[in-house]
Amino acid sequence: MSLVQTENLAKIYGSGETAVTALDRVNVKIDAGEFVAVMGPSGCGKSTLLHLIGGLDRPTSGKVCIENVSLGDLSDDKLTELRRRKIGFVFQFFNLIPVLDAVENAALPMMLDGAKAAQAKARAREWLTRVGLENRLHSRPDQLSGGQQQRVAIARALVAEPALVLADEPTGNLDTRAADEIAGLLRQVAEAWGRSVVMVTHDPRIAAYADRIVFLKDGTVVDETRLNSQNGNGAQVIRGKMNALAE
Amino acid sequence: MKIQLTLAARYLWGRKLRTFLTTLAIIFGVFVIFGMNILLPTMTHAFETSVLNASGQVDVLVTNKSGEAFAPSIMHRIESIPGVQALSGNLERTINIPANYYRSGSVGALSLIGIVPRDAQQVRDYTMQKGRFLQNTDTRAAIITSSLADTLKLELGDELSIPTVNGAVKLKIVGIRAAQTLPGNEPVWLTLNEAQKLLNAPNRINTIEIKLDTTDAAQRTAISNAIAATIGDEYQLGGLASGSEFMASLQTAQQIFNLMGFLALFMGGFIIFNTFRTIVAERRHDIGMLRAIGAGRRTIIGLFLFEGLLQGVVGTAIGMALGYGLGVLIVEGTRGIYQQFLHMQLGAPVIEPGLVLLTIVLGVGVTLLSGLVPAWNASRVTPMEALRPNVVTVETRRRLNKWTIVGIVLMVAALVGLLSQNISLVALGGFAFLVGLALLAPALVKPIAQVFGAMLGFIFARDGAAELAQGNLTRQPSRAAITASATMIGLAILVAAVGLISSITGGINTLLEKTLGSDYLLVPPSIGVWGSDVGADETLAERLRSVYGVSAVSTMRFATTTVGDQTINLLGIDPVEFPKVSGLNFSEGDPNTAFEQLAKGRGLILNGVGATTLKLHAGDAIKIPSPEGEQTYRVIAVASDVLNTKITSAYISQENLKRDFHKTEDVFMQLNLAPNANRAEVDARLQEIVARYPQFKLVSGAAYLNEMRSLYTTSFSAFYILLGILALPSLIAILNTLAIGVIERTREIGMLRAIGATRKQVRRTILAEAILLAAMGTAFGLLAGLYLGYVMTLGLNASGLYPLQYSFPYAGVVAAVALGLLFGVLAAILPARQAARMDIIQALRYE
C-alpha cells in the first residue's frame, strides 16, 4: 500500500483568459520509505505538486490521499494537525525562526502539538545529534552556515516522527559540498530512518541520491525512472532525460 | 501556550528598538492617566482628614446647611433631648494669613476657634501642656499648640498677632496644648465673646459640638436621629465643608487631564496597530512556515496576542511606576503652594484601588485591542507564504472603497452639523469630523504626498530622494494614513486648544478691564477662597470714603449657601456704589436696570457657571437656605466677571446679605478717585489707613490688571507645555513607521547602495519620507484642530459659562507646523542613520 497517492490531481491558477494550468491530472504513488525526486524545467509544476501533497495548498480538482485519508475532506484544523504529525517540511530558504536557537527551532512541531517543552527539546537534541549538529545545539540561525541551517530544518522535519518528509529545493541555496551533505542526509532519512522523502530539485546530481525520479513537464508526468546499480551513473542518466525533455 | 509565550518574548527582545518605541506609546498614556489621578484623591483625602479632624473628636456636630453662622438659640432645643450629656456652641473660622505676616515663621492660615470655656471642657478634653485654660472673663487671650509655638517661636505669655475685622489684634498666649499631629491648619482657641468681636459676628456661632451619655452604638444612633429631627431641615449633622468649591474646580482639571490621558492612549493604540500590521507583513515567512509545520490559526492569533499582552503589561507597569513618580513629584512639589494659597495640608500620595484597576484594564486592554485585527490577519496567512520569495507588498487596490465613502459622509455630516448651529449637533459633528478624516486618510495619502513631494522636489531635486520617498509612502497608503492620523490627533488637540484658549483669553481680557477697572483695589490674601479671608468691619470703608479725593468706594461681602449639592458663593455688593467702580458682563437680563432691581426685594445676579449648573434663567426663582431659614430669591440677570468665573456665585445686595446671612464683613474693596484728586496725597493717606488692616493689600487697578494678565498668561503657557507633551506620541508614531519602513526595505536599500546611491542619498530619502509623513499629519491636524477649536468655542459660548469671541489661532497653527516638521526631522535621525550605515552585502542577503 502506498503512503501517498494522488488521483487526477490538477491545479489551475487564475481564471478565464489568464488561467494557468500548473498541474494537469497527475497520478503518482509514493511508498513508505521511498526517496522520490521530482524534476523538470522551471514552471513545470513540481513545486505545486509538492505543496498539494503537503496540504499547503488545495487542488482545483482531483485528490491527495495520505495513508488513505483524502486531504480534501479535512478542515483547516484537521489538515494542520495532519501536517504536524505526519509530514515534515524542508524549505529552500531554511525558514528557521531567527529568534530561536537550534534546539528550539527543531522542537517547534512537538511544542506546537502540545508536548512538554523538556520532552520536545530532548527529542530535538537527539535529532540534531543524528544530523551532526551536536556541537551547535544552542546557536541561533544567524550563527549557522547554510548547510547547518538546513540540517536544523531536517531535524525539525523529523522531530515529530512523521511518515513523510517533503523537501522543496533543499539544496538550492547551498554550495556544492553542503548540497551533497544534505542530499546524503535525506537519503539516510529514507534508507536508515524509514521515512518517505519527496524532494523537488532541478539539480541532476542531487536527484541522483533518490530511488526514483518523476519527471514533470507542463503540469503532467512525462517520465519516471527508477535508479539502481544497473543503469550506472544516476546523474548521467538524469541529465540525458532532462535534455530530452528540454527539446 | 508556552511556545507562544517564548516566541512572543523572543521576537520582542529581538527587535529591541521597535519594542521600546511601541511600548513607549502605552507607557506615555498610562503615565498621564495614572500620575494625574493621584493628585485629586490625595487632595480629597487631605480635605476629608481636615474635616474629620475637626469633627472626629466629638460625638455629634451640628452646623447650618448654608455653611454660615447662626443664632445660638437652637442649642436649647438640643439640650433637652434625652441622651445629650453636654454641648458647646463654637464659632470657628479659618483665617488666611497674608504672606510674610509673621517675621518668625511662615503660616498660611490659622483656624480660629471661639469657645465658652466651661461648655467646651465638658464636651472635649483640653489638657494643657503649659499655662492654663481659658476663662470666661478672658479678653485678648489665646491658647495655641506647641507646634505653632515652635513655628512662630512663641512662649507662654508672648503675644500672637492675628488679622481681624478691626485690624491686626494681639492675643496673649495663656496656655499651650500638645502639638498638632493631624494635617490641617493650626488651631487658636479664644473665648467665644472675643471671637465674635474679632470676626464681626455678634451673638453667632457656627458649630455645636455635642457629647452623648452612652457608648452603645444603637443608642447613639437613636440619639443622633432625635437630634436630626429636632434641628430640622436648615441644619445638618456633620462638619463644615469649607473649600468644597475648590474640589469642584479641581475635578474639572482632573477631567481635562483624564481626557489627555485617554487621547494619548488612543494614539498609542494607533501606533500599536500600525506596528503589529507591519510585524505581520514582515513575518509572513515565519508565519507561513509555522503554519506549514503544523501551527493552527489559533496558535498564530495567540502568538500575536501574547506579544501584545507582554507589551501591554510591561508598558502599563512602567507607565504606572513613572506615573506614581509624577504623582509624588506633583504632590511634593505643590505641597508648599497648597499650604500657602489653599491652606490645605497634603498627606502622602493616595492611590485608589479603582484607579489601579482602571489603568491596568485601559493599558493592557488598548494594547490587546489594537493587536486583535493584525493578529486575525496573521492567522489568515497561508502556509504557501513560507515558500514564496520575500517581496515587499505594494498596495495596489483602489482606495475609493466603502470606508472612504463613509469618511466623506461623516465629514459632510459634520459640516452640516456645524451649519445647523444646534449645539449638540455641533458637538456630535466634532467627533464625526475626526473619525471621518481618519477614514478618509488612506485615500488622501497619494494626492497629499504628490503635493508635498513636489514641494520637496525643489529641495532634493538632484538625487531623486523626494521621488523615492514619495513612492515609498504611497505604496503603503494605509500605513502612512494611520501614522498621519496619530500625528493628526496630537496636533489637532494642540491647534484646537490654542484656538479655544486664545478665544477665552480674549473674553477674559474684556472682563478683566470691566471688573478691575477701578483706580485702587484692596485685595485679601486669597481671591476665590473668600470664606477664609478675614475682612474688615464697616469702619474701614467709612474711613476710606472720608479721604479727600476718593469719589467712590465699593465693598464686597461674602457668604455661602448650598442648593442641593451645589455650593453657591454669595457676593454682597452695594447696588449704588458697585456700578460706579466695576461692571459685569451680562448675558441675560437688562444691564441698565439690573442693579436697581437688586436693591428692591430679594434678587440676585447669577454668574454663567451658576446659571448652567442650576439650570436657571433671568426671571426664575430660587430657594436658598440661610441661617434665617429658606429664602426665595429672584434671578434678575445672568452676568459674569473675573472674580467668579469658575465657581457658582451670585451677586446680592449687602442689605439682603446682612438680613439673611448676618454678614457685614468687607472682604474686597474697589475705589475710584475724583478726576481732580491729588494722586500722591490720596495714595499716602490710603496706605496709612490700610496699614492697620494687614490682611489687605492696596494695589492700583492698573498694576493689578497687569498682574492678573501675566498670571493668566503663565498658567496658560503651562497648559501649552502640557499640550506639547501630549503631541509627543505623534513623534513616536512617525519614528516607528520610518523605522519599520527601513527594516522592511533592507534589501532594497542594499540594492540602492549597490547600484551607486551614496550614504547621504539614502539618508536624505529617509529624511524626505519623514518630512512627507509629518507634513501629511500636520495638514490633517490643522484641519481637524481648526474645526474642533471652533466647535469648542461655539459650545462654551452656548453654555454661557464664558462670553467668548472666536479668534483664529495663528500661534497654534505656527506651533503645530513647527512641531510637526520638527517631529519629522527628529524622527528621521535614527532610521536614516540605520539605513545609511547598512552593510551592502548583508542587506542584499537580508531575509
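1. Where in chain A is confidence lowest, and where is it highest? The model is predicted, and local features need pLDDT of at least 70, side-chain atom pairs count only at pLDDT 80 or more, while totals for chains, interfaces and linings use all residues. Residues are numbered from 1 along each chain as its sequence is written, chains are lettered from A and ligands numbered from 1 in the order in which they are written, and side-chain values use heavy atoms, with hydrogens and water left out. In chain A, confidence is lowest in helix α8 (residues 234–246), at a mean of 77, and highest in strand β9 (residues 196–200), at 92. Here pLDDT is the predictor's confidence in each residue, from 0 to 100. For chain A the mean pLDDT is 86, with 97% of its residues at 70 or more. Helices (H or I, at least four residues) and strands (E, at least two) are DSSP runs, numbered from the N terminus.

2. Chain B holds 27 helices and 20 strands. Of its 847 residues, 56% count as buried; buried means under 20% relative accessible area, exposed over 50%, and partly exposed in between (1.4 Å probe, protein chains only). Contact means heavy atoms within 4.5 Å. Among contacts in chain B between residues at least 6 apart in sequence, 83% join residues at least 24 apart.

3. The interface comes next. In it, 25 residues of chain B are in contact with 26 residues of chain A. The size of an interface is often given as the accessible area lost when the parts come together. Between chain B and chain A the buried area is about 2,400 Å², and carbon and sulfur atoms give 66% of this. Buried area is the accessible area (1.4 Å probe) that two parts lose on being put together, summed over both.

4. Between chain B and chain A, eight residue pairs are in polar contact (both at pLDDT 80 or more). A polar contact is a pair of N or O atoms within 3.5 Å; within protein, one must be able to donate a hydrogen and the other to accept it, and residues adjacent in sequence count only if both atoms are side-chain atoms. On the side of chain B that touches chain A, the elements giving two or more residues are α1 (2–14), α9 (284–292) and α10 (297–342) of chain B. The most come from α1(B), with seven residues. That side of chain B divides into 12 nonpolar, six polar and seven charged residues. Ala, Val, Leu, Ile, Met, Phe, Trp, Tyr, Cys and Pro count as nonpolar, Asp, Glu, Lys and Arg as charged, and the others, Gly among them, as polar.

5. How many salt bridges does the rule find across the interface of chain B and chain A? There are four, a salt bridge being a side-chain nitrogen of Lys or Arg within 4 Å of a carboxyl oxygen of Asp or Glu. One joins Arg10(B) to Glu104(A), with the closest N and O atoms 2.4 Å apart. This pair runs from helix α1 of chain B to helix α3 (residues 102–112) of chain A. Arg10(B) is partly exposed, at 28% relative accessibility, whereas Glu104(A) is buried, at 10%. Another salt bridge links the side chains of Arg297(B) and Asp76(A) (3.7 Å, N to O).

6. Over all chains, the whole structure has 36 salt bridges. Within chain A, Asp24(A) pairs with Arg25(A) (3.0 Å, N to O). Asp24(A) is partly exposed at 25% relative accessibility, and Arg25(A) is exposed at 57%. The side chains of Arg187(A) and Glu191(A) also form a salt bridge (2.7 Å, N to O). These two residues are separated by about one helical turn, because they are four residues apart in helix α6 (residues 176–191) of chain A. Glu191(A) is exposed, with a relative accessible area of 57%. Elsewhere, salt bridges that share partners join Glu34(A), Arg212(A), Glu224(A) and Arg226(A) into one network.

7. Helix α1 (residues 46–53) of chain A has seven of its eight residues buried, so it is largely enclosed by the rest of the structure. Among the buried residues of α1(A) are Lys46(A), His51(A) and Ile53(A). Gly55(A), which follows α1(A), has a positive phi, near 70 degrees.

8. Thr214(B) sits in the loop between β9 (207–212) and α7 (217–231) of chain B. Thr214(B) counts as buried, at 13% relative accessibility. A polar atom of the Thr214(B) side chain lies 2.9 Å from the backbone nitrogen of Asp216(B). Leaving aside neighbours within four places in sequence, Thr214(B) is in contact with Gln219(B), Arg220(B) and Ile223(B).
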